[in-house]
Amino acid sequence: MKNIFDRLKGGELVPLDDPEFLKVDEVVTCTLALMPALNAAASVDKIREKLSEIIGTDIDRSNTIFAPFYTNFGRFISIGKHVFINHACSFLDMGGITLEDHVLIGPRVNLVTENHPLNPVTRRGMICKPIVIKRNAWIGAAATVLPGVTIGENAVVAAGAVVSKDVPANTIVAGVPAKVIRSINEVGNQETYG
């Protein structure tokens, strides 16, 4: 039988009363204890150090992360190189969050891999699906990316968008729910969406 972490990352329904849920609670408790030091850090180097403790692996020095930064779990966050994460972002990562190289994350972005069934009988259970943000993608301010979404290489998610479906490479999506509005090839050098 797979352990609870494999089941969460694998998208299985995990009920809140699962006997292994205490293992999740242990990670969450540890993460919550580390968050104040991360968010009180006075330098990008210290933020990287504290976030490295939370995710359990060293974050490359080429990355810039601004506080405050929020996560409820942290162990399933993977960050490439030359990544920028702006202020007040929230990563709910029990399903796994992968940021490839050169990703830009605007302020107040929410990456949410965790969900609940619609059926009231099982609603307190969790269903998690990974979020993957491919190389050189840009997620604009206050955008929300929902479970199971892949943002394609070079794609742009406009500020305030809610992304519930995969975003093709080299496109711009906007709106609630987010829809493709343009191709990257159609934009001028001075246009912004974030």
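**View 1. Antiparallel pairing of strands E17 and E18 in the predicted model.** Strand E17 (residues 171-174) pairs with E18 in the antiparallel sense over four bridges; two strands pair if DSSP finds at least two bridges between them. Strands are DSSP runs (E, at least two residues) numbered from the N terminus. Ile172 stands opposite Arg182 in E18. The model is predicted, with local features requiring pLDDT of at least 70 and side-chain atom pairs counted only at pLDDT 80 or more, while totals for chains, interfaces and linings use all residues. Residues are numbered from 1 along each chain as its sequence is written, and side-chain values use heavy atoms, with hydrogens and water left out.

**View 2. The open sheet of seven strands.** The strand order is E1-E4-E7-E12-E15-E17-E18, with mixed pairing. Strand E1 (64-65) and strand E18 (179-183) are the edge strands, each pairing on one side only.

**View 3. The aromatic pair Phe66 and Phe84.** Five aromatic pairs are found in the whole structure (ring centres of Phe, Tyr or Trp, the latter by its six-membered ring, within 6.5 Å; planes under 30 degrees apart are stacked, over 60 edge-to-face, the rest tilted). The ring centres of Phe66 and Phe84 are 5.2 Å apart and the planes lie at 90 degrees, so this pair is edge-to-face. Phe66 is in the loop between E1 and strand E2 (69-71) and Phe84 is in strand E4 (residues 84-85), so the pair ties together parts 18 residues apart in sequence.

**View 4. The aromatic cluster of Phe5, Phe73 and Phe76.** Phe73 and Phe76 form a tilted pair, 5.0 Å centre to centre with 55 degrees between the planes. Both Phe73 and Phe76 are buried (under 20% relative accessible area, 1.4 Å probe, protein chains only; exposed is over 50%, partly exposed in between).
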